[in-house]
Amino acid sequence: MEIDISDADLAFEEEVLRNPYKLKGWLLYLDHKNTTPQALTIIYERALKSLPGSYKLWRNYLLHRTSLMKSKNPIYFQRDFDKTLVCFERALLLLHKMPQIWLMYIEFIKKQPDVTKVRRVCDRALRSLAVTQHEQVWRVYVKFAEKVGGKVAKRVYERVMQVWPERAKDFIEYCEQQEEWGWAARQLVQELNSSNPEQQQSMWMQLANILQRHAGELSDEPWDVEQVIRDGIRRFAGEKQAGALWTALAQWHIARGEIEQAQSVFEEAITQVRMVRDFAVVFDAYGEFLESVVTMEMERDIKEAISDTVENNMRTELRLVQLERLMDRRGLLANDVQLRQNSNSVQTWLKRVELWKQRSLDETRSDKARQDAYEMIKGTFEKAVSVVDAHKATQGTMSDLWLAYAQEFSEIKEKRRVLNRAIEAPMGSVRELEEIYIKYVEAELKARNVDGALAVLAQATRPPTSSGPGAHAAFRVNFNDEKVAASKRIFKSQRLWSLLVDLNELQGAIAGVKSTYERMIELRIATPQTIVNYGAFLEEQGYFEDSFRAYERGIAAFGYPVAVEIWNVYLRKFVDRYGGSHIERARDLFEQALDKCPPKYARPIYVAYGMLEETYGRTRRALAVYERATKGVGPKERLLMYRFYAAKTASLVGLAQTRQVYERGVEELGDKEALQLALEFAQVERQLGEIDRSRALFAYAAQMADPQVSPQLWDRWHSFEVVHGNEDTFKEMLRIKRSVQAKFSTDAQLIAAAAATASASAVNSGKAEMETEQIATANPDELAIDDDDL
């Protein structure tokens, strides 16, 4: 085929003839001659004869040839398509390593209705190209295979997954889209053996869904479906996927018509799942299964008209009974799941007991069923106390289980049997054992067996013989030490000892009460309230001296500050008992109480001491006690004590005698307290008619009162002068006020100046240090030489 060459083409013809191996000349000629397809084809062929290995020429030429075939039907224009294919083959003779040529070839040949040719071209491309370039070919190859479908797609995906195993998900999704459930299930099983655990969870759920919905289509699978699903159940026994897997296994058997096997799977599932959510899934599926079976049986009977046969009626009745029994067991089955999830949950065990109790009280059930339910109550308690770990118990304690167990019996013998076992059983804490002993005592008292209750308390409060070497090992046992067994610490329970005291008092056993209190003090478990109660009991029985000795033992045992409260009770009881008949002994007790008493706790004792002297002693001694109190109490209570001392002095010896009290207080107290006492002193002088002395006290106290901080003194002095003063005294008050105000103002200015000076010196010191560091940094090699070094 020839083309017409115009005058404009001569220059290009001369150039390509002169330089036939120069690519640029051919490209310019092609761009110029872009008039007719035939002309371009002839020029491309001439150029490729000179440059057969030019990728750019071949690519443009193939694009030109494929564009000519774009609107043509490959069946009617088979010859033209074959010519284009020949061009691709010619190009690949030298450019078989170019992936773009192969991709163009594949895209072009896909238009022809020949799957085999496309597959062979794709395979040749994969063999020719480097492995790193295969992904481009596979991308096109897979899309083609998906359109073709069938075994072609399966084979292509199998080859792809050998190179990229992660593409298995794409294959599974494709199978699901094409409803090829057998392929999808088989591929999921293969992936479950090779993927990591995190991916396996979603794959197991995907497999379960396929088996549930399409079990009938998978009944002829060669692999062991049941074994695969059971393997998944074992792997995810404690996770939420287990319920779906169990249901999938049952659906598999249902699809195969194996009704009995499916029911067995459901029964096994509801006794194996450990999550409430899984149980709900399995139970609902089981219920629907039984309902569908019953419906199927009844429809078949109607269809076959054999509903009157005995065998058919029995089969239908059996299915109905199974369904009713399943619904009746729902509560117990759900409780089983919770116990499998946490066997140490006390509340769950008690809930199970409650379920059996409801069954035993249900009058609609037969007597045998109710009796069996009652026996299960005891069986449940027995299993609970043997399974629950006392130290890991949740939602309750071990004592709650034992006490609920004992509560089920009305006879005291049965309760004793259970509670005796509870006492010997391990407990999570000593408080639990303490609670069991208390309930044991209450049970004995309810049965009107006080001696039995005392025996129980005697057993509980008996120190263990193996608590440690030495005669006083019991003293070293710490009631709150969790490292020691509860049974070895229970004897130090204050609640049990207090209960023992109450029972002895109820019996009127005075010796028993005394021995109990003495034993509590000896074991060092008595509290201050225990000492007070002991003393009160002895006092009620007329053992006054014994009660006083009990107080003294408590004081020696506890020390201060706890001993202060016992001293207050002791001293009050002693004074109430003897009054002034044993005044010297009472004085000696008060002196003992004050001897080591901290000042901040001494005021009540001083006041009681003074009251004793006022009532049974001498006034002078009482005032001396109050005077001691002004020095013996804490700093915060000295002002209060001076006021009390002054009030007592006024009431006992007259108001005029309080001057000495106020004078000492003003001298000894701090400025703030002295100011308040001075004002009260001035009021006393005013009441006595000593106006000048009162004015002098105002003038003295004014030196401690800043007008801006303590205006109450100046207000009261102003009122005083208005009533009792004159112009001169009023001016004197104002003069003192100005001088005091100037004094406090000057003091404040001096304090502020001193603070500013200190701050400035600190800043200057910091600047000097910084300058020194800068100098040292500027010349690090400089030697520091003093005059003494020369």
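## Helices and the whole chain

Helices (H or I, at least four residues) and strands (E, at least two) are DSSP runs, numbered from the N terminus. With that in hand, look at arginine 695, which lies in helix α36 (residues 691–702). In the whole protein chain there are 38 helices and zero strands.

This is a predicted model, in which local features need pLDDT of at least 70 and side-chain atom pairs count only at pLDDT 80 or more, while totals for chains, interfaces and linings use all residues. Residues are numbered from 1 along each chain as its sequence is written, and side-chain values use heavy atoms, with hydrogens and water left out.

## Buried or exposed

Residues are sorted by relative accessible area: buried means under 20%, exposed over 50%, and partly exposed in between (1.4 Å probe, protein chains only). Of the 790 residues of the protein chain, 40% count as buried. Arginine 695 is buried because its relative accessible area is 16%. Leaving out residues up to four places away in sequence, arginine 695 touches Trp717, Phe720, Glu721, His724, Gly725 and Thr729; contact means heavy atoms within 4.5 Å.

Now try valine 118, in helix α7 (residues 115–128). Valine 118 has a relative accessible area of 0%, so this residue is buried. Apart from neighbours within four places in sequence, valine 118 is in contact with Ile109, Lys110 and Phe144. At the other end of the scale, isoleucine 75 sits in the loop between α4 (55–68) and α5 (78–94), and its 57% relative accessibility makes it exposed.

## Helices side by side

How do two helices line up? Axes are lines fitted to C-alpha atoms, for helices over the stretch in contact, and angles run from 0 to 180 degrees between N-to-C directions. The axes of α19 and α20 are 7 Å apart, and the two helices pack at an angle of about 170°. That makes α19 roughly antiparallel to α20, since angles under 35 degrees count as roughly parallel, over 145 as roughly antiparallel, 65 to 115 as roughly perpendicular and the rest as oblique. Among the residues that meet are Trp349 and Trp356 in α19, and Tyr374 and Phe381 in α20.

Helix α21 (residues 398–407) is mostly covered, with seven of its ten residues buried. Those buried residues pack against α19 (346–361), α20 (367–387), α22 (412–424) and α23 (430–446).

## Charged partners

Side chains of opposite charge can pair when their charged atoms come close. A salt bridge is a side-chain nitrogen of Lys or Arg within 4 Å of a carboxyl oxygen of Asp or Glu, and by this rule the count comes to 37. In helix α23, glutamate 434 and arginine 431 lie three residues apart, about one turn of the helix, and their side chains meet in a salt bridge (3.5 Å, N to O). Glutamate 434 counts as buried at 1% relative accessibility, whereas arginine 431 is partly exposed at 45%.

Another salt bridge joins lysine 514 and aspartate 546, whose closest N and O atoms are 3.6 Å apart. Lysine 514 lies in helix α26 (residues 510–522) and aspartate 546 in helix α28 (residues 544–558), so the pair ties together parts that are 32 residues apart in sequence.
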